[in-house]
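Good morning, and thank you for making time for this presentation. I would ask everyone to look at the display while I go through the main features in turn.

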Amino acid sequence: MKKLLAMLLAVIMVAAMTALPVTALADDEPAPVGEEPVPAEELPVTVECDSVTVDNDSGKDVSVNLRYTGTELISSFRFKVNCDVPLKDVYSDLNVQFNPEEGLVIIWADDGASFGACTLCSMVFEITGLYEKGTYPIGIELVDVTAASALPTTLKASDGELIINKDPLMGDVDFDGDVDNTDLIRVARFIVKMVEFTPRQVYVGDMDHSGEITNSDLITIARIIVGLA
Ligand SMILES: [Ca+2]
Ligand SMILES: [Ca+2]
């Protein structure tokens, strides 16, 4: 009976030993601790675009903050900004290159430097036309990113929106916020070809949206000034 028990014990011991994870005992492979390591190709790089609200009564600058919120050090970004309201230019104290036609923005770190999780840049652009009051989506389309460690990364972007909270003030051809005699005189001078107007001025001076500024628009502006319209 003792012999049988000893044999049974030996069988259990062998079975227990063979059930141990062989990989965990190998010298060249450390035992897994805590969470599973994130594969390099899943390290996220995220760019966020703020929503901004602007008036529409003059050539306002629009500031869009782009933030890198990842943990991986990176050396450069390329992304596109898509918006129905065209971007004119980008200003930033970082190394930024901008192609207005393509909406392509390139940001890069100085040699030997890299970006960490911080605000990357404030893009400032000007509204180049006149737009109706409304909400215009700003789409951020990341093209690629170069990690300082050369690890591959996953790109993510969050879109924003441009909210124009005022319609253009029709008749205000000098964009000072009022329709007054100064605007009337300017429109009159434009009609007799004494001055030239920018497309923005032509738009707000064309009171009846006929596509051109005529005496009819001049009369409408005069009626507004004296309170008849
Ligand atoms: Ca005015
Ligand atoms: Ca007109």
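Let me begin with a term of numbering: helices are DSSP runs of H or I with at least four residues, and they are numbered from the N terminus. With that in place, α5 is the helix at residues 215–225, and just after α5 comes G227, with a positive phi of about 85°. Please keep in mind that this is a predicted model.

First, an overview. The protein chain contains five helices and ten strands. Of its 229 residues, 21% are buried. Among contacts between residues at least 6 apart in sequence, 69% join residues at least 24 apart.

Leaving aside residues up to four places away in sequence, F77 touches I107 and V145. As a general remark, nonpolar side chains tend to be buried together in soluble globular proteins.

Next, strand β10. Which residues form its covered face? They are G160, L162 and I164, whereas E161 and I163 form the uncovered one. Strand β2, residues 52–54, pairs with β10 in the parallel sense over three bridges, and here V52 has L162 as its bridge partner. The pairing of β8 with β10 is antiparallel and runs over five bridges. In that pairing, the bridge partner of Y136 is again L162.

Finally, I return to helix α5. Its residues D217, T220 and I221 are buried. In general, an α-helix has 3.6 residues a turn, so residues three or four places apart point the same way. The cover over the buried residues of α5 includes α3 (181–191) and α4 (199–205). On the face turned away from the buried side, α5 carries the exposed residues N215, S216 and R223.

That concludes the presentation, and I welcome your questions.

Notes: Residues are numbered from 1 along each chain as its sequence is written. Chains are lettered from A and ligands numbered from 1 in the order in which they are written. This is a predicted model: local features need pLDDT of at least 70, side-chain atom pairs count only at pLDDT 80 or more; totals for chains, interfaces and linings use all residues. Two residues are in contact if their C-beta atoms, placed from the backbone, lie within 7 Å. A residue is buried if 20 or more other C-beta atoms lie within 10 Å of its own, exposed if 12 or fewer, and partly exposed in between; C-beta atoms are placed from the backbone. Helices (H or I, at least four residues) and strands (E, at least two) are DSSP runs, numbered from the N terminus. Two strands pair if DSSP finds at least two bridges between them.
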